[in-house]
There are 4 protein chains.
Amino acid sequence: MSADPSLDATNVTAAPGVPDQALLEDLVAANRILFNQGVLDAYGHISARDPGNPAYYWITRAMAPAQVTAADIIACDLDNRPVRPGEKRLFFERVIHGEIFKARPDVMAVLHSHSPSLIPFCNSDTRLRPMVGSAAFLGEGAPVFDIRTVDDGGDLNICTPVQGKGLAQALGQHCLVLLRGHGAVAVGSTIRQVVRRAIIAESNAKQQLQATLLGPVHFLTMSEIEYAKRQKPKDPDRAWRLWKQQAMGG
Amino acid sequence: MSADPSLDATNVTAAPGVPDQALLEDLVAANRILFNQGVLDAYGHISARDPGNPAYYWITRAMAPAQVTAADIIACDLDNRPVRPGEKRLFFERVIHGEIFKARPDVMAVLHSHSPSLIPFCNSDTRLRPMVGSAAFLGEGAPVFDIRTVDDGGDLNICTPVQGKGLAQALGQHCLVLLRGHGAVAVGSTIRQVVRRAIIAESNAKQQLQATLLGPVHFLTMSEIEYAKRQKPKDPDRAWRLWKQQAMGG
Amino acid sequence: MSADPSLDATNVTAAPGVPDQALLEDLVAANRILFNQGVLDAYGHISARDPGNPAYYWITRAMAPAQVTAADIIACDLDNRPVRPGEKRLFFERVIHGEIFKARPDVMAVLHSHSPSLIPFCNSDTRLRPMVGSAAFLGEGAPVFDIRTVDDGGDLNICTPVQGKGLAQALGQHCLVLLRGHGAVAVGSTIRQVVRRAIIAESNAKQQLQATLLGPVHFLTMSEIEYAKRQKPKDPDRAWRLWKQQAMGG
Amino acid sequence: MSADPSLDATNVTAAPGVPDQALLEDLVAANRILFNQGVLDAYGHISARDPGNPAYYWITRAMAPAQVTAADIIACDLDNRPVRPGEKRLFFERVIHGEIFKARPDVMAVLHSHSPSLIPFCNSDTRLRPMVGSAAFLGEGAPVFDIRTVDDGGDLNICTPVQGKGLAQALGQHCLVLLRGHGAVAVGSTIRQVVRRAIIAESNAKQQLQATLLGPVHFLTMSEIEYAKRQKPKDPDRAWRLWKQQAMGG
């Protein structure tokens with residue numbers, strides 16, 4: 001018997017059709033890139049909502065992101081039940097994905113990481129704020145989710161729907177939420193955007209940490225944040241292609 | 001129709017003759033070296049003024065510096081219009097190059113980067129100052145250009161001639177100018193000198209950040225800065241050759 | 001004549017039987033992984049108690065962890081005498097292993113390292129404390145052993161039984177003890193758990209150092225520490241397999 | 001005509017005999033190791049006094065340490081004149097070597113580096129002090145040579161005998177001296193010892209910088225420094241062999 005009751009669910013409803021090959025390819029590349037760039041280590045996971053069937057999302061089985069192939073990607077419904085019965089190797093924190101996809105219809109991809117330079121900001125009252133235009137998605141500062149607001153039992157992991165809903169609420173309309181004593185969740189409208197945000201958040205954190213050594217830090221102004229949000233990034237696929245080449249060769 | 005009106009310009013005047021092969025080779029190597037040394041990532045660009053025709057400069061098409069070859073290098077006039085009509089893949093911030101080449105006849109090469117350790121100094125009142133003789137080109141501290149002095153719309157990028165002229169004015173007679181919330185621009189009399197300055201600025205920034213942990217920092221004195229500026233660097237090509245070998249093999 | 005009197009010991013008692021192949025394989029992998037992850041350099045050593053004969057432990061001859069093979073692993077008794085007479089290439093600090101195995105019957109593996117990011121905490125009154133759930137084994141802060149409490153001669157190394165016993169006493173029931181001016185010792189119930197703890201301690205130290213730049217640091221609460229200690233880590237072998245692949249290929 | 005008058009010297013006296021092959025091999029390895037470990041970049045140099053003829057030392061021609069082979073090593077007298085007339089590619093700061101070999105008959109090897117983590121200590125009133133036993137050679141703190149004490153012209157480089165003698169005087173009986181706004185010089189009784197000291201000084205500097213974030217730093221005590229100086233390092237060649245393998249393969 002599984003310790004995870006959702007694994008025994010059999011009332012799976014309409015499953016997504018044939019998976020989108022481009023999406024699966026990007027999901028594999030995202031796992032490899034995020035490992036190669038130091039955002040993920042042996043843990044963490046990224047998912048993509050099915051473009052044709054928004055009640056489902058794609059994610060790998062529980063495994064190290066560095067070792068992912070297309071064959072490792074499975075579909076789950078928004079209650080985080082695998083479409084194919086009998087799947088056992090599931091991320092125990094996949095509730096993060098389902099609850100955020102429910103709360104944020106605009107979100108098409110979700111990443112949970114332990115991005116190393118974000119941890120100091122998870123455990124501080126100092127907010128992670130944008131140092132440069134490409135980090136404007138951080139807005140006036142990334143919110144921090146304290147799991148004690150929904151569950152004071154001592155658990156730091158997001159394993160239950162209540163914990164997942166609490167996290168989604170803390171995320172609100174932001175693009176990134178930090179988890180006290182734990183890590184981060186980034187969201188976006190595409191896999192590539194989420195990957196981009198995660199990599200920029202990590203480098204922004206390093207630069208903000210360094211900047212505190214120099215005295216008061218001048219972050220982007222509100223009008224700069226708003227301006228940057230209105231603009232599409234210039235040629236974002238240029239970075240994606242480079243990161244993919246670095247992570248996967250070719 | 002292009003979103004960038006300069007692309008439709010047809011009144012291109014006398015173009016540079018056959019490109020200087022040694023210059024193109026150095027420009028390719030500069031792109032590869034600056035990526036390999038961590039000054040550039042997927043973005044940023046370096047240009048060289050045409051030695052025979054100072055009203056033109058050479059730069060790559062919009063692409064990742066790590067992937068540049070000689071075939072990717074094109075010529076632009078100082079209004080940043082490509083010599084060959086129909087070129088579409090152009091850096092949208094190439095106005096930086098044209099405006100600086102106009103304002104500084106002595107400058108033969110220009111680099112725009114998001115050099116990671118310089119960002120903290122872009123967003124601080126603490127000046128980047130020389131820790132060692134090879135960084136004497138930083139003088140009494142690198143100036144910081146705040147784009148709000150010319151354009152308070154919220155844009156951080158240098159896309160218009162007015163923004164480019166403002167940046168060139170902030171650069172003045174310096175060798176490096178920092179851009180608040182954005183990055184840096186380095187200039188020099190050769191491609192190799194600009195590459196050298198960019199790599200030294202990045203390491204100097206790291207060392208200055210560390211030094212602040214130890215108490216008051218003793219920077220070079222004015223007489224040391226002046227002395228170092230008067231001296232030619234000893235065997236600068238030694239570093240160039242090593243960097244090129246590291247970046248390109250052979 | 002050896003400078004180390006224990007080498008001349010001949011009263012070796014019942015030796016362990018045929019070594020456990022899986023244990024030896026893990027011990028080799030542990031050495032390679034700890035080097036690859038930057039916990040060990042040319043020095044440091046990890047041992048495993050013999051599962052069938054708890055009065056003996058396995059450890060490599062004195063050598064660089066990066067170069068270890070199964071043929072380099074020997075057995076010692078808890079007085080740190082090699083089972084096979086005539087062994088000369090022994091770690092002079094192996095007393096650490098014997099004394100901790102004596103004092104802690106629950107401990108099955110012991111690591112001594114100079115893990116670089118732990119050194120600052122060895123020489124400070126600020127305690128190394130858990131930033132994230134996986135570091136809960138640090139409890140309310142890792143103890144620091146000051147060798148002057150047992151030996152004020154000026155030696156920083158743990159070479160004598162008295163020094164080893166003092167260290168074991170400072171360790172107490174903790175999982176990690178820091179050694180002032182020297183390094184760290186981690187213990188656990190398996191080789192893999194000790195490796196995991198050592199790698200997490202190193203990254204936790206980096207993150208705690210960074211967090212101090214942001215103001216007061218919010219560490220795990222007591223209930224979070226207790227909760228995490230009660231839970232088994234989720235899929236710890238996932239990290240082990242990845243680390244092993246990174247260190248040894250295949 | 002050379003800009004360096006010493007190059008025209010013709011009164012070279014008794015030259016060293018056939019070079020010691022083991023010494024040359026160690027000198028090549030030292031150059032490669034120090035580059036691989038990040039102590040040297042394209043600049044810096046290490047020399048070894050001739051064991052049979054202490055009025056001469058061996059050093060490479062002016063070149064990047066990463067590219068050194070045995071054929072690049074030449075002999076100089078203690079006035080820094082090459083034994084073989086006509087040698088032109090000489091380090092312009094080689095006066096450092098001759099003056100220290102003159103002042104310190106016990107010294108058999110000299111290294112000049114711009115070791116990156118030492119630079120902050122060159123420009124601070126905070127002394128570089130030993131964090132761990134292997135760094136005890138730093139004593140109560142490395143001295144800092146300020147070139148203005150011998151030459152207030154603004155030059156930071158050590159090019160003249162007066163500057164070299166001033167540096168040797170600041171070194172005194174220490175093992176390492178820092179040069180304000182410049183770098184460091186390490187000395188020892190063998191090439192391997194100097195390499196070891198240079199690598200340890202770099203890591204000690206990083207750890208001391210980090211430790212300042214945690215509050216007052218507890219350095220080695222005087223009795224610990226004295227004890228460590230009296231002891232021979234345990235198996236120092238273990239690190240040398242590992243470093244050599246990392247730098248040169250095999």
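**Interfaces and symmetry of the assembly**

The structure is a predicted model, in which local features need pLDDT of at least 70 and side-chain atom pairs count only at pLDDT 80 or more, whereas totals for chains, interfaces and linings use all residues. Residues are numbered from 1 along each chain as its sequence is written, chains are lettered from A and ligands numbered from 1 in the order in which they are written, and side-chain values use heavy atoms, with hydrogens and water left out.

Two copies of a chain are related by a rotation about an axis and a shift along it.

The contact between chain C and chain A was examined next. Here 26 residues of chain C are in contact with 32 residues of chain A, contact meaning heavy atoms within 4.5 Å. Only 4% of the interface residues of chain C are also interface residues in chain A, so the copies meet through different surfaces.

The size of an interface is often given as the accessible area lost when the parts come together. Between chain C and chain A the buried area (the accessible area, with a 1.4 Å probe, that two parts lose on being put together, summed over both) is about 2500 Å², and carbon and sulfur atoms give 59% of this area. L214(C), H218(C) and R238(C) supply 29% of the area that chain C buries against chain A, more than any other three residues.

The interface of chain C and chain A holds 1 salt bridge, defined as a side-chain nitrogen of Lys or Arg within 4 Å of a carboxyl oxygen of Asp or Glu. R180(A) forms a salt bridge with E224(C), with the closest N and O atoms 2.4 Å apart. On the side of chain C that touches chain A, the elements giving two or more residues are helix 5 (191-211), helix 6 (222-230) and helix 7 (236-248) of chain C; helices are DSSP runs (H or I, at least four residues), numbered from the N terminus. Helix 7 of chain C gives the most to this side, with 6 residues.

The pair formed by chain B and chain D was treated in turn. In this pair, 26 residues of chain B are in contact with 32 residues of chain D, and the area buried between the two chains is about 2500 Å², with 59% from carbon and sulfur atoms. L214(B), H218(B) and R238(B) account for 29% of the area that chain B buries against chain D, more than any other three residues. The count of salt bridges between chain B and chain D is 1, and R180(D) and E224(B) meet through their side chains in a salt bridge with an N to O distance of 2.4 Å. Helix 5 (191-211), helix 6 (222-230) and helix 7 (236-248) of chain B each supply at least two residues of the side that touches chain D, and the largest share, 6 residues, comes from helix 7 of chain B.

Other pairs of chains do not touch. No contact joins chain B and chain C, whose closest C-alpha atoms lie 11 Å apart. Chain A and chain D are likewise joined by no contact, their closest C-alpha atoms lying 11 Å apart.
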